[in-house]
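Please keep the sequence and the three-dimensional view at hand while reading.

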Amino acid sequence: MASSSNSEFQGTYDIFLSFRGLDTRKKFTDHLYEALKREKFQTFRDDDEIERGETIKSKLKKAIENSRMSIIVLSKNYANSMACLFEIQSILEQSKTSNHMILPVFYEVDPMDIKEQAKNLNFGKKKVTTVEEVRGWKVGLKEVASMARMGLDFGKKKVTVEEVRGWRAALKEVASMAGMVSRNRTNGYEAKFIEEIVVGSNQLLIPPTKDFVESTQARNIEKVWECLMNDDVRQIGVYGMGGVGKTTIMKHIHNQLLEKKGKFGNVYWVTVSKAFSITKLQSDIAKALNLSFRDDEDETIRASELYAALFQKKKYVLILDDLWESFALERVGIPEPTRSNECKIVLTTRLLEVCRRMHCTKVKVELLTEQEARTLFLRKAIENDTVLAPEVEVIAAEIAKECARLPLAIVAVAGSLRGLKGTSEWRNALNELMNSTTDASDDESEVFERLKFSYSHLGKKVLQDCFLYCSLYPEDRPIPVNELIEYWIAEELIVDMDNVEAQFDKGHAILGKLTSSCLLESITEIHGMMECVMLHDLIRDMAIRIIASSPRFMVKAGEKIKGVPYEHWSKDLDRISFMDSLISGLPITPPDCPRLTTLLLNSRYGMLRVISDSFFINMPCLAVLDLSRSRITSLPESISNLENLHALILDNCSQLKYVPSLKKLKALTKFVLTFSEIKELPECIEELVNLRKLDLSRNFSVLKTVRRWKLRRLSKLQYLRIDGTRIEVSAEDLLCLSQLKVVAVNFHNVQELTKYAISQQFQGLQKYRLIVEKYDFFEELD
């Protein structure tokens with residue numbers, strides 16, 4: 001148990017000491033307490049054996065909250081004390097909401113012993129093991145929830161099921177942490193073991209002090225917050241090197257401002273990125289304000305509309321994240337923040353000069369301390385059930401030091417080393433990391449080499465290729481998971497799978513490895529409806545450096561370019577992306593790109609209008625072609641000869657009227673053609689016998705020209721959409737397609753729909769939309 005001999009404690013503590021008095025008070029814990037005192041640690045402990053009431057509980061909780069770390073002495077009977085269980089649960093809660101550190105000490109027990117204690121919590125003669133047993137004890141309680149509300153009595157103590165669950169979880173979590181095990185150290189010499197605990201505490205708490213030391217992140221946040229609360233400061237520039245945590249800090253500030261709406265009425269977040277333009281910034285701010293501009297509005301008109309909208313708002317904070325260039329506020333349409341309008345602008349940037357030119361009060365984001373770097377590294381690198389040997393702890397600390405106290409580098413390197421076994425593997429990882437930065441010419445190069453170390457440690461080439469593919473997306477752009485996996489499948493990065501479902505399972509497994517390696521971040525976009533991943537901009541920059549040599553990519557995604565000279569289309573290019581660029585024209589002379597496998601020309605700006613008929617003749621290996629949202633009126637004839645094409649994506653090509661013959665595209669597995677102006681389906685579409693996904697939806701001008709035999713030949717189809725067209729099908733058409741999982745079609749009549757709806761195939765569908773006349777039956781289909 002842990003409290004204080006003086007229950008009315010004063011001040012702040014370095015260490016909260018949690019222990020079971022029955023096991024360790026008079027020997028081990030007392031000696032440990034005295035040793036900590038000799039090292040000038042302010043240590044909180046409890047010498048009182050009396051049963052505690054709620055008042056004592058609240059004081060214990062307060063002591064934990066005001067301690068920098070906790071030492072939990074886990075012993076044979078630790079879990080038999082509800083006071084200890086309360087303490088351990090409170091300690092864990094504190095560690096998850098602050099920088100509170102935990103050092104588990106396993107005294108004459110192993111971590112597995114504590115996990116066993118968690119399974120078998122004893123209170124007198126009562127033993128709690130499962131919810132089912134507890135249900136039996138209280139006859140008449142039909143629901144676990146009602147049982148928990150009423151509580152269960154163990155002797156004089158009243159314990160709820162939720163409490164038991166919480167205690168079990170807390171014990172298991174602490175038992176899984178890297179700690180110090182007496183049986184593994186010092187051959188049983190207690191004094192030596194205590195000395196090691198004191199040394200370990202000293203490392204965690206350098207320098208020991210009575211004053212509470214906030215974490216670096218907390219200090220960084222506090223500096224920005226003070227500027228926001230200071231009425232004399234109107235523009236704030238948060239700057240620091242890439243990966244130091246600027247965006248993380250501002251997300252915290254953003255959330256705080258949303259919670260505390262007293263001083264500011266509105267908070268707007270805009271991600272700017274390296275591909276900067278005035279019109280894009282205007283559009284992004286307008287989107288944050290729920291405004292919209294006409295496509296033909298020029299910069300000046302937009303600025304005046306934006307100014308008027310922001311001028312009416314007042315008392316707002318505008319956060320501009322990842323700014324690379326300075327700009328004049330009036331040119332964009334942002335009113336100057338003043339005392340009278342009570343507005344503020346906060347920007348984040350890697351460049352101090354941007355802060356100066358924007359006339360900001362500058363806030364530099366500090367790097368982590370060495371101890372914080374070590375703690376973060378161990379938290380990310382060590383699996384839950386791993387207890388590190390002392391020599392491995394030393395190596396791990398050296399690896400953390402090599403990461404230059406940069407949070408992003410620490411997290412990425414730690415993620416790549418998760419699961420290492422033994423001293424030799426850890427020592428080898430340290431040597432590789434140190435060697436990777438030997439030739440770095442400057443600090444920035446060193447950072448990139450440390451991040452590249454994480455990429456190299458992915459091991460399997462398929463993981464590396466899938467990761468590099470993510471760099472084809474624009475900076476700071478959420479990457480839809482399903483879309484990304486479909487690209488991987490079309491590129492044959494995912495192979496040897498019997499069906500699309502298995503391929504997607506494999507894709508999700510790959511994403512799991514990339515996110516656990518901390519190279520990708522998993523997020524949710526569009527009101528929680530779309531699963532996405534993101535690349536940190538510094539990790540994307542690292543990927544761009546890799547693809548500058550081998551494999552060779554040309555990535556202009558998100559850039560405000562209208563074209564690329566012919567000579568840039570080199571023979572050694574493997575993949576090209578103009579995703580969300582302003583590209584409006586392609587070379588008239590066909591580029592010679594014999595190795596090219598992916599060409600992404602899809603852009604939300606829809607500027608591409610013309611592609612020469614011969615453009616694709618020298619791209620024999622092309623596997624993925626995405627022209628979505630382009631404004632071309634006809635697809636080039638040379639597409640007809642792309643015999644290795646696996647995915648042809650023409651989503652929302654609103655002005656497309658002509659698609660040439662697809663007869664030779666036998667390898668095509670995915671064909672999407674939506675929202676076009678075509679009146680007839682492409683010639684020989686029935687020859688695409690390897691198609692697994694066919695989406696012809698919302699082509700409202702298509703005539704009723706599809707004959708029954710055309711669908712029947714596409715026997716591998718698993719996804720079929722022809723809703724939003726005039727094409728009608730029969731039940732027999734669909735029943736010939738035995739692998740269908742997603743269907744959206746129009747039926748000839750009610751009888752045909754009914755026939756299909758009672759079929760066995762219909763029962764196995766994952767999603768569907770069945771339309772007949774004015775009736776529309778659907779389930780989970782966009």
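Does Lys313 count as buried, partly exposed or exposed, and at what relative accessibility? Lys313 counts as partly exposed, because its relative accessibility is 37%; buried means under 20% relative accessible area, exposed means over 50%, and partly exposed lies in between, with a 1.4 Å probe and protein chains only. The structure is a predicted model, in which local features need pLDDT of at least 70 and side-chain atom pairs count only at pLDDT 80 or more, whereas totals for chains, interfaces and linings use all residues. Residues are numbered from 1 along each chain as its sequence is written, and side-chain values use heavy atoms, with hydrogens and water left out.

**The chain as a whole**

- The secondary structure comes to 27 helices and 28 strands; helices (H or I, at least four residues) and strands (E, at least two) are DSSP runs, numbered from the N terminus.
- The chain has 782 residues, of which 52% count as buried.
- The chain exposes about 36,400 Å², and carbon and sulfur atoms supply 48% of this area; accessible areas come from the Shrake-Rupley method with a 1.4 Å probe, and for residues only the protein chains shown count as cover.
- Among contacts in the chain with a separation of 6 or more, 62% are between residues 24 or more positions apart; contact means heavy atoms within 4.5 Å.

**Lys313 and its surroundings**

- Lys313 is found in helix α12, which comprises residues 299-313.
- Apart from residues up to four places away in sequence, Lys313 touches Asn266, Tyr268 and Leu289.
- Lys313 and Leu289 are separated by 24 residues in sequence, and their C-alpha atoms are 9.7 Å apart in space.

**Helices α2 and α3**

- Ile64 lies in helix α2 (residues 54-65), and Ser90 lies in helix α3 (residues 82-97).
- Ile64 is buried because its relative accessible area is 1%, and Ser90 counts as buried because its relative accessibility is 4%.
- Leaving aside neighbours within four places in sequence, Ser90 is in contact with Lys61 and Ile64.
- With the neighbours within four places likewise left aside, Ile64 is in contact with Phe16, Glu87, Ser90, Ile91, Gln94 and His100.
- Ile64 and Ile91 are 27 residues apart in sequence, with 6.4 Å between their C-alpha atoms.

**Helices α4 and α7**

- The axes of α4 and helix α7 (residues 161-175) come within 8 Å and cross at roughly 170°; axes are lines fitted to C-alpha atoms, for helices over the stretch in contact, and angles run from 0 to 180 degrees between N-to-C directions.
- The two helices α4 and α7 are therefore roughly antiparallel to each other, a term for angles over 145 degrees.
- The contact is made by Pro111, Ile114, Lys115, Gln117, Ala118 and Lys119 of α4 together with Arg168, Leu171, Lys172 and Ala175 of α7.
- Asp113 also lies in helix α4 (residues 111-119), and Asp113 counts as partly exposed because its relative accessibility is 30%.
- Asp113 and Leu74 are 39 residues apart in sequence and 9.6 Å apart in space, C-alpha to C-alpha.

- Helix α9 (residues 216-229) has 14 residues and should span 20 Å at 1.5 Å a residue, which agrees with the 20 Å between its end C-alpha atoms; the expected span is 1.5 Å times one less than the number of residues.
- The buried residues of α9 are Thr216, Asn220, Ile221, Val224, Trp225, Cys227 and Leu228.
- The cover of these α9 residues includes β10 (235-239), α10 (246-259) and β12 (316-321).
- The buried residues of α10 are Lys246, Ile249, Met250, Ile253, His254, Gln256 and Leu257.
- These residues cover an arc of only 165° around the axis, so they are on the same side of α10; the arc is that of the directions from the helix axis to the C-beta atoms.
- The buried residues of α10 pack against α9, β10, β11 (266-271), β12 and β13.

**Two residues with positive phi**

- Most residues other than glycine have a negative phi.
- Glu342 is not a glycine, yet has a positive phi of about 55°; its place is in the loop between α13 (329-332) and β13.
- Arg629, also not a glycine, has a positive phi of about 65° and lies in the loop between β21 (624-626) and β22 (647-650).

Terms used
Parallel < 35°, antiparallel > 145°, perpendicular 65-115°, else oblique.
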